[in-house]
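This report describes the strands, helices and selected residues of one protein model. The sequence and coordinates are shown first, and the description follows.

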Amino acid sequence: MMFLYNVLIYVASFLLRLVAFFNPKIKSFLDGRRNVFELLKKSTDPTKPVVWIHAASLGEFEQGRPVIEEIKKEYPQNQIVLSFFSPSGYEVRKNYELVDVVCYLPMDTTQNAKEFIKIVNPSLAIFIKYEFWPNYLQQLSQKKIPTYLISGIFRKNQMFFKPQGFWMRNHLKTIQHFFVQDDYSKELLKSIDIDAVTVAGDTRFDRVQKLVEANEKLFFVEAFKGDKYLLVAGSTWLEDEEKLVSYINQNATENEKFIIAPHNIKLADIEKLSKSIDVPTVLFSEKEGKIVEDYQVMIVDTIGILSKIYRYADVAYIGGGYTKSGVHNTLEAATYGLPIVIGPNFKKFKEVQDLVTLKGCVVTNNENELRTFLEKMYQDREERKQKSNITKKYVEQNLGATQKIMLKIAKYLEYEK
């Protein structure tokens, strides 16, 4: 099976090179890998220990980020090499200041894996959530490099748990310890004779809690909100915005304010959204010199501040639930103790399922249901308070995954001399 896998990897690599002529994303995927080995040789110091951390994409990076920050803070002697599989993760975090090197992970061929491990020579390897590359795992095992999985989550339909997945199970067993998000994942691993498992939870809880502790103020949001009720809609898509705009135009009172932070901030889409709103609307990029409290809606046409804006909200709408990709990050809103409302596509996200079960997060299936919920949240302060307590308590009860991981890996990390 390993022979067949390696043949398929080479075939896939060849096909990707053909597709790259017509697809800019695939071209970026390949171009980014072209000089990885040269970058690693130039950017790492062979006299210092290296921790290699791999994230498939941006979401996995956010899960690994608390561990990266803790390593950098407590063990600065260690270099950190951060690799990504997808362009979406690499392009956003290629200048991440807390690591020594950010690079693409070369395709999982035997030769690439040997060369990568030889150059990086990690004293410790950490994979985040999932994405298990057989040749890399094999090289790590042969070199006796301790390998960990953090924030892991497993499902019964994965190949590891099927009869034909025996060869992948063997590679999975080279991982020294698994830190998983839930008991179900632990039981699945136990069913294939993997017992080195700790249910540590999701490190993203530790990450979002730091937002509260940082207490970063946004004075323009304070001025915009004043003493009025504020709904913050984060990571919205067109399908979300149509329903929200309908509510704003037809049902919102003058005492309700709205901040909309679209997932897509292309100029044409922002202008279209702004023009569809009948009440006074201001863009974040055009707020300077304006009296922002005179506006009822603000559209955030930038990235990087949404997590700080949630601090000022009374209720959060999280976008994506009306699209195929599914709902976006709910934890940033939950950590501030906000009642949350979403669309119907959420079931592949454990924390959202938990919050829905606990009734801190409400699922709406259409525009009418959303309107009913938003009206109730505005009118019923006690209901808001109950849901707020639920979301805040949920985050608090799930803190601590980072420390559990650090206690286990500390023996492989060197103190600064």
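Glu-351 counts as buried because its relative accessibility is 6%, where buried means under 20% relative accessible area, exposed means over 50% and partly exposed lies in between (1.4 Å probe, protein chains only). The model is predicted: local features need pLDDT of at least 70, side-chain atom pairs count only at pLDDT 80 or more, and totals for chains, interfaces and linings use all residues. Residues are numbered from 1 along each chain as its sequence is written, and side-chain values use heavy atoms, with hydrogens and water left out.

Glu-351 belongs to helix H16 (residues 350–358); helices (H or I, at least four residues) and strands (E, at least two) are DSSP runs numbered from the N terminus. Leaving out residues up to four places away in sequence, Glu-351 touches Arg-204, Phe-205, Thr-330, Leu-331 and Tyr-394, a contact being heavy atoms within 4.5 Å. Helix H16 itself lies across strand E13 (340–342) and E14, and runs at about 90 degrees to E14. For such values, axes are lines fitted to C-alpha atoms, for helices over the stretch in contact, and angles run from 0 to 180 degrees between N-to-C directions.

## The sheet from E10 to E14

Strand E14 is part of an open sheet of seven strands with parallel pairing, in the order E10-E11-E9-E8-E12-E13-E14. Its edge strands are E10 (281–283) and E14 (361–363), each of which pairs on one side only. Neighbouring strands here are turned by 20 degrees against each other on average, direction ignored. Two strands pair if DSSP finds at least two bridges between them.

Which strand of this sheet has both faces covered? In E9, Glu-256, Phe-258, Ile-260 and Pro-262 on one side and Lys-257, Ile-259 and Ala-261 on the other are all buried. In a regular strand the side chains alternate between the two faces of the sheet.

Strand E8 runs parallel to E9, and seven bridges join the two; Tyr-229 stands opposite Glu-256 in E9. With E12, strand E8 pairs in the parallel sense over four bridges, and Ala-233 stands opposite Tyr-317 in E12.

Helix H12 (residues 238–250) has 13 residues and reaches 18 Å from its first C-alpha to its last, close to the 18 Å expected at 1.5 Å a residue; the expected span is 1.5 Å times one less than the number of residues. Its buried residues include Leu-244, Val-245 and Ile-248, but also Asp-240, Glu-241 and Lys-243. The buried residues of H12 pack against strands E8 (229–236), E9 (256–262), E11 (297–299) and E12 (315–318), and against helices H13 (267–276) and H17 (367–379).

Helix H17 in turn packs with helix H18 (residues 381–397) at an angle of about 100 degrees, their axes being 5 Å apart. The two helices are therefore roughly perpendicular to each other, a label for angles of 65 to 115 degrees, with under 35 counted as roughly parallel, over 145 as roughly antiparallel and the rest as oblique. On the H17 side the contact involves Phe-373, Lys-376, Met-377, Tyr-378 and Gln-379, and on the H18 side Arg-381, Glu-383, Arg-384 and Lys-387.

## The sheet from E1 to E7

Another open sheet of seven strands has the order E3-E2-E1-E4-E5-E6-E7, with parallel pairing. Strands E3 (101–104) and E7 (197–199) stand at the edges with a single partner strand each, so one side of each is left without a neighbour in the sheet. Neighbouring strands are turned by 20 degrees against each other on average, direction ignored. Strands E5 (residues 147–152) and E6 (residues 177–180) pair in the parallel sense over three bridges, and the bridge partner of Tyr-148 in E6 is His-177.

| Helix | Strands touched | Angle between directions |
|---|---|---|
| H4 (residues 58–74) | E1 (50–55), E2 (79–84), E4 (124–128) and E5 | about 175 degrees with E2 |
| H7 (residues 134–142) | E1, E4 and E5 | about 155 degrees with E4 |

Ile-194 is found in the loop between helix H9 (183–191) and E7. Apart from neighbours within four places in sequence, Ile-194 is in contact with Leu-172, Lys-173, Phe-178 and Leu-189.

## Cysteines

The structure holds zero disulfides, a disulfide being a pair of cysteine sulfur atoms within 2.5 Å. Cys-103 counts as buried at 1% relative accessibility, and Cys-361 counts as buried at 3%.
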